[in-house]
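Could you walk me through the charged side chains in this one? I'd like to know who pairs with whom, and where the pairs sit.

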Amino acid sequence: MTSTRLIAFIVAALGAVSAGCPDNPGGPCATECEEGFVCDETTATCVRPTLPTWDDEPPGRGSRVTIAGGLAVTASIDPVSRSVVTGAGLRDVPFDFRILGRLGRTAPARVSIDASASRIAIVWVGEGGRFRVAWRESTGRHERWSVTTVVPPEGVTYAATEHFDVGVDDAGGVQIAYRDRDRTLRLVQHPEPLGTSGWTFALIDDGSPTAGGTTCPEREAGSRQGVGFEPDLVIRPENATVTYQDVDCGDLRIASTTSDGWRVSAIDVGDPLPSSSGGGTARVGRFSSLSFDTTGRPHVAYNDESFGRLLLATTETGSDWNVEIVDRGVTLDVGSRERKDVVGAFAAISFDERSLPSITYLDATSTSLRIALRSSNDEGWVRRALDSEGAVGFFADHAYDATIGRVAVSEKLSRDDEGALVSQLRIIWEEGT
Amino acid sequence: MIDRCSSTILIASCIALALVSLSCDEAQIRSSTSTQPLVFQESGLRFLVTPSGLETLYGRARPEGFIVSAERREVWREEGIVIEAGPIEQVLTPSEFVTTPTDGAVETTTEFDSLELLVALRVRRGADVRICRKGVSTDSASVNAAAELVEGDSGPTFAVTRTPVLADDDWAIRDIGACSQGELPIAFDLESALVTYARDAMVLSTVEALETSPLDTLGVVLDRIEVRRISAFEPNRGTALLEGRLPEDGAEVTPMGLTARLDTALDVERAGCAPPVDLPPSQFLSAAPIDPSALSGTDADVAFAIGGNVLNRSAHVTALGGFACRGFEDVSADDGNGELIPTDELLLEELGLEDLPLGERSRVVFRPGSLPELTLRPERGDLLLDWDEVTIDIYSELFGVPTRIATLETSVQATLRPRAGEPGFVGFAVETIDVLEVSLDSDLAVEPEAQVVESWTRRTLLIALEDLFNFPLPVRPDSQIEVVRTEVRSDDLLVIGRF
């Protein structure tokens with residue numbers, strides 16, 4: 001950890017935890033500011049603390065991106081200092097990178113981001129396996145964020161894992177779908193205004209046969225990794241929906257809120273495997289990415305682990321899913337031999353204003369960031385490399401906005417002059433359609 | 001239709017699996033409807049089945065024992081009485097079965113102790129029918145026969161051309177259970193009729209027992225078949241076309257046993273992962289005859305001579321058919337995935353990759369960029385493998401995703417030593433590996449010295465090639481032949497086995 005980063009982190013940490021204005025008891029900050037706010041002594045008003053800047057090359061571990069307030073906002077982690085870094089910018093506007101906080105000592109190097117019209121939130125795992133939530137108004141100043149910890153109500157315990165995803169509703173409430181250490185998928189949520197207390201917890205799927213009537217024979221036979229890998233949460237006015245992997249059976253599942261609570265069903269249980277691969281069915285459902293088109297139909301892009309390919313599931317009815325292969329991962333190598341590439345990890349899907357999907361994902365064989373775009377004349381998919389400079393494409397993510405175009409991020413791994421491994425955030429822009 | 005890995009696997013099919021070890025799950029063998037003309041290599045394979053091996057083959061042709069079978073026969077018709085003997089359907093266990101091959105025939109002696117045949121006796125008087133069961137026995141019987149090798153519908157077949165000779169002791173008759181056959185005609189000699197019937201049954205059954213197709217029993221099917229590479233991934237799927245053909249006079253019996261020579265043809269439908277080259281023209285160099293003295297002191301039942309060019313062409317077909325594209329059948333990291341090896345074993349720190357957050361398991365993916373060439377080296381007792389432009393991809397889990405972290409391209413020169421003691425196949429131990437013109441492609445490796453890369457590549461190839469080279473014996477898998485000795489000869493690989 002460089003001294004610059006350390007000092008910046010300490011400043012950020014102090015700023016984030018301070019509250020109230022002890023030196024100005026008679027001013028507008030006489031009463032304590034709300035959690036996540038500090039008193040600005042110049043204006044004597046409660047403001048979000050100013051985050052320290054990240055002056056080095058931005059790190060790329062766990063990279064995520066969204067669009068808020070007309071800017072692309074990134075979140076990523078520096079694996080050395082374990083700092084959580086966020087940046088905001090545009091193609092022609094240099095990114096302003098700030099340090100949000102630090103991962104817990106044993107926390108996974110993962111971060112999640114989401115934005116609604118009113119609010120943007122970034123979540124990571126802090127000390128004690130508890131979520132830290134940073135938030136600000138979507139149109140707010142990027143250097144000022146509030147940060148809080150998700151503290152469970154009395155009698156409730158939870159332990160975050162690396163599998164979580166944040167969603168922000170239009171009113172600014174925050175929900176986090178996460179796989180608890182007890183191997184179940186759960187939801188923790190807080191309405192606006194956010195704070196340390198007031199979080200409520202709910203079970204989405206414990207993997208039991210009663211969870212929507214879905215079954216997993218492997219789990220019943222004794223294998224117990226449970227459910228909830230790599231959830232992707234989408235909050236719409238009508239409901240919340242999350243896709244995730246049933247780890248024991250290698251299935252893609254979906255859960256949606258209804259008037260009766262969460263309804264769980266399986267989207268894809270995998271194609272049969274040839275005997276050369278051990279038989280059974282393929283393991284699918286990793287790195288799921290959920291998005292709704294302009295007509296409200298859900299589309300889920302995900303990775304088929306066994307076949308190393310990218311799939312897309314769509315439904316007209318909400319129950320009968322049509323699965324298509326977006327990328328089989330077969331390329332021609334320099335020796336004119338067909339090569340099987342491992343593709344489809346870190347899938348991220350979005351729709352443009354014509355309701356045409358695009359999916360970014362990792363090609364783990366060429367270590368490149370790829371994109372698949374549905375052709376406008378519905379003649380299948382156009383696939384190409386979006387970024388292939390070095391070992392890139394890890395933690396691929398992208399966001400699309402008709403005004404600013406498509407912004408894709410991923411982690412690039414490289415070596416510095418001394419041969420040390422360096423994590424860099426790659427940001428790739430493409431024009432809007 | 002031949003099911004994959006069925007008991008009727010044929011000799012040629014094994015060739016397709018040669019050099020690269022494949023399980024039954026990875027190849028489908030079936031009859032081919034292809035009419036593509038194939039170029040045959042004369043005497044690409046030779047067999048020798050020893051006299052003791054012939055005895056075993058006969059035993060395998062009749063695994064249930066010596067079947068005595070005879071239809072019902074009328075033995076008397078006079079005075080309004082019809083008497084019939086039989087049928088017999090009975091399995092006997094010979095006390096001894098000896099085969100003695102001679103020039104052109106196999107002489108056999110089948111001996112029985114305390115033999116008793118159960119014969120039905122049917123006596124009909126008008127509408128009245130009475131059936132008794134009789135035991136027809138002798139203390140000992142011996143059937144001598146000779147079977148010559150003739151051309152049959154399914155290849156060479158042993159046929160008994162002279163009536164077998166039965167030598168026996170006196171026969172005795174007894175009733176089996178209560179019997180009310182009624183009064184028999186005075187002129188009817190019951191004992192003589194039943195003994196004659198029983199003796200004829202023994203002779204005819206001997207003829208039946210000896211008429212077998214030895215090559216079929218051995219597992220040789222003279223047909224065109226195809227071996228399809230089963231793979232989860234289309235680029236790996238190719239097909240080998242194979243045919244065995246027995247030339248005229250290709251099989252003969254001598255005092256040393258049964259010998260056969262087979263013309264072989266191999267062709268291929270290229271897999272996408274294979275090097276983009278054509279199958280070279282077939283060479284014409286036959287397997288040498290098998291000198292029975294090579295089997296001395298081995299107690300062997302069978303020997304195979306596999307022509308060096310058959311081996312080499314098999315290697316070409318293996319590479320072009322996708323059978324050598326290995327290591328990537330199941331991308332997932334399931335515990336049962338046999339393609340995965342501990343990352344620690346790869347010593348990635350030598351390439352400066354130790355600081356990557358890699359998972360515990362990795363895989364080595366093998367992709368040929370050219371066709372392998374095999375050279376027999378009888379003076380060293382091994383085979384030299386030259387394989388240019390071999391690609392090895394190293395995949396390790398990175399952030400939970402199997403990720404290619406390095407690729408090596410090199411030319412390989414390896415010595416393969418055939419080893420005995422394996423059931424059903426000849427294993428080739430990789431004794432030495434030399435690598436030439438090694439290139440390392442990795443965005444993540446710290447550029448190591450060339451010498452380190454060479455050393456690392458050599459060691460990784462040993463991991464990749466370990467147990468990769470096997471040559472299934474050209475017999476059906478259930479024959480359970482144990483390889484007891486191998487010999488690299490100037491023209492072929494001689495494999496000596498025991499049933």
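Below is a short tour of salt bridges, one arginine and a charged patch.

## Ground rules

This is a predicted model, where local features need pLDDT of at least 70, side-chain atom pairs count only at pLDDT 80 or more, and totals for chains, interfaces and linings use all residues. Residues are numbered from 1 along each chain as its sequence is written, chains are lettered from A and ligands numbered from 1 in the order in which they are written, and side-chain values use heavy atoms, leaving out hydrogens and water.

## Salt bridges in chain A

Over all chains, the structure has 52 salt bridges (a side-chain nitrogen of Lys or Arg within 4 Å of a carboxyl oxygen of Asp or Glu). One of them pairs A:Asp205 with A:Arg253 at 2.7 Å, N to O. A:Asp205 belongs to strand 14 (residues 200–205) and A:Arg253 to strand 17 (residues 251–258) of chain A, so this pair ties together parts 48 residues apart in sequence. Strands here are DSSP runs (E, at least two residues), as are helices (H or I, at least four), numbered from the N terminus. Both A:Asp205 and A:Arg253 are buried; that means under 20% relative accessible area, with exposed over 50% and partly exposed in between (1.4 Å probe, protein chains only).

A:Arg309 and A:Asp271 also meet in a salt bridge, at 2.8 Å, N to O. Here strand 21 (residues 309–315) supplies A:Arg309, while A:Asp271 comes from the loop between strand 18 and strand 19 (284–292), so the pair ties together parts 38 residues apart in sequence. A:Arg309 counts as buried at 10% relative accessibility, whereas A:Asp271 is partly exposed at 38%.

Over in chain B, the side chains of B:Arg77 and B:Glu74 form a salt bridge at 2.9 Å, N to O. B:Arg77 is exposed, at 52% relative accessible area, and B:Glu74 is partly exposed at 39%. Then there's a network: salt bridges with shared partners join A:Asp333, A:Arg337, B:Arg367, B:Asp393 and B:Arg404.

A:Arg263 sits in strand 18 (residues 261–268) of chain A. Leaving aside residues up to four places away in sequence, A:Arg263 touches A:Ile254, A:Ala255, A:Ser256 and A:Thr258 (contact means heavy atoms within 4.5 Å).

## A loop glutamate

B:Glu466 lies in the loop between helix 6 (450–465) and strand 24 (470–472) of chain B. With a relative accessible area of 54%, B:Glu466 is exposed.
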